[in-house]
Amino acid sequence: MTATMQAVRYLGPKQDFQLRAVNIPAPSDGQVRVRIAACGVCRTELHLRDGLLDLGRRDFTVGHEIAGTIDAVGEDVSPARIGERVVIYYYEGCGNCRTCRDGDEQLCPSPRAQPGFTSDGGYAEYITVRARNCVKLPVDFPLTQAAPLGCAGSTAVHAGKLARLAPGEWAVIHGFGGVGMATLQYAAACGARTIAIGLGATSLQLARDLGATAIIDAAETPDVVAQIAAITGEGADAVFDLVGTAASLRASAAMLRRRGRLVLIGYTSEEFTIHPVELIVREIAVLGSVGSTLADLYEAVDLVSRGLLTPVIDRVLPLQDFADALEAVEHQALRGRIVLTP
Ligand SMILES: [Zn+2]
Ligand SMILES: [Zn+2]
């Protein structure tokens with residue numbers, strides 16, 4: 001009889017996730033099995049549940065911010081890796097297309113696996129993944145704190161690179177959740193001056209603690225764009241929009257200086273329209289940013305090891321409380337990521 005484990009399953013759009021008993025997977029050739037210690041709760045899980053993101057697959061385990069310990073290896077993987085503490089890169093591209101050849105597996109049109117999106121993810125006790133997707137963590141770095149590197153940390157590095165931040169530039173973090181906190185720290189590590197726009201004193205105090213040059217409480221600032229102009233003089237060099245509403249995106253575009261870069265990371269059901277002349281005469285670049293490359297995750301881990309990036313955890317909950325965690329992500333002002341432990 002095969003041993004089973006608890007896993008939180010996505011069954012289809014507009015359905016609540018279900019806790020089920022599923023078989024503990026065995027690693028196949030080139031894979032390892034990771035005993036999961038922690039999995040972060042990302043807003044993307046809400047998008048999956050609500051049907052905003054639907055990649056066509058059904059009946060898989062959700063969760064893509066995964067840290068744990070390798071406990072078994074398949075053929076062609078050195079048994080020396082057993083016991084390694086790792087964070088998991090959640091894309092496995094085809095390896096043959098142009099984007100994969102360039103290292104941009106997150107853009108692969110025919111990925112082999114995407115844990116938590118189209119294949120089994122991290123709201124579970126074990127996962128099997130390609131061995132090279134496991135990035136070794138610094139000694140003694142807590143696995144619960146490492147989990148958010150898998151999405152929030154690596155996404156921040158990726159978006160920051162797309163924005164080509166330079167020392168002294170003004171970077172606006174528009175929306176201050178898990179990815180925003182990491183983006184703020186990455187921008188600061190690049191030498192940029194940072195402005196966090198968030199809601200509520202608690203989350204903005206956190207932005208201050210993380211070294212934001214300035215903070216803006218959107219709830220108490222009638223004209224956020226004017227406030228950015230007052231702080232920066234000519235506008236922001238880069239704005240990272242993590243809110244993704246029509247209103248936030250319009251404001252984000254308006255905050256930019258000439259030749260500024262607008263980086264889109266967050267999204268909602270709302271569409272964003274802008275008159276071309278607003279982009280043309282100011283030479284604005286609009287950049288979509290999705291996930292990260294494997295190299296970006298390595299860089300996030302390196303930043304952690306140098307003390308330049310610290311994942312912030314709001315609370316740790318047991319896996320079976322996943323519904324409470326999602327409810328909190330949806331409705332509460334969090335002070336960092338919620339992490340589930342099996
Ligand atoms: Zn995510
Ligand atoms: Zn590919």
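Visitor: Which residue has a side chain joined to that of H174 by a polar contact of 2.7 Å?
Guide: This is a predicted model, in which local features need pLDDT of at least 70 and side-chain atom pairs count only at pLDDT 80 or more, while totals for chains, interfaces and linings use all residues. Residues are numbered from 1 along each chain as its sequence is written, chains are lettered from A and ligands numbered from 1 in the order in which they are written, and side-chain values use heavy atoms, leaving out hydrogens and water. A polar contact is a pair of N or O atoms within 3.5 Å; within protein, one must be able to donate a hydrogen and the other to accept it, and residues adjacent in sequence count only if both atoms are side-chain atoms. At 2.7 Å, the partner of H174 is S252.

Visitor: Is H174 buried or exposed?
Guide: H174 lies in strand 9, residues 170-174; strands (E, at least two residues) and helices (H or I, at least four) are DSSP runs, numbered from the N terminus. Buried means under 20% relative accessible area, exposed over 50%, and partly exposed in between, with a 1.4 Å probe and protein chains only. Because its relative accessible area is 9%, H174 is buried.

Visitor: How many bridges join strand 13 to strand 14?
Guide: Strand 13 covers residues 256-264 and runs parallel to strand 14. R261 stands opposite A285 of strand 14. The number of bridges is 4.

Visitor: Which residues coordinate the zinc ion (ligand 1)?
Guide: Donors are N, O and S atoms within 2.8 Å of the metal (3.2 Å for Na, K and Ca); water is not among the atoms, so sites may look incomplete. The donor residues are spaced C-x21-H-x86-C in sequence. At 2.0 to 2.3 Å, they are C42 (SG), H64 (NE2) and C151 (SG).

Visitor: Which residues have the most contacts inside the largest nonpolar core?
Guide: A nonpolar core is a set of buried Ala, Val, Leu, Ile, Met, Phe, Trp, Tyr and Cys residues joined through side-chain atoms within 4.5 Å. The largest has 91 residues, and apart from it lies another core, of 16 residues, including I197 and L256. Those with the most contacts in the largest core are Y123, L149, F176 and F240.

Technical notes
Two strands pair if DSSP finds at least two bridges between them.
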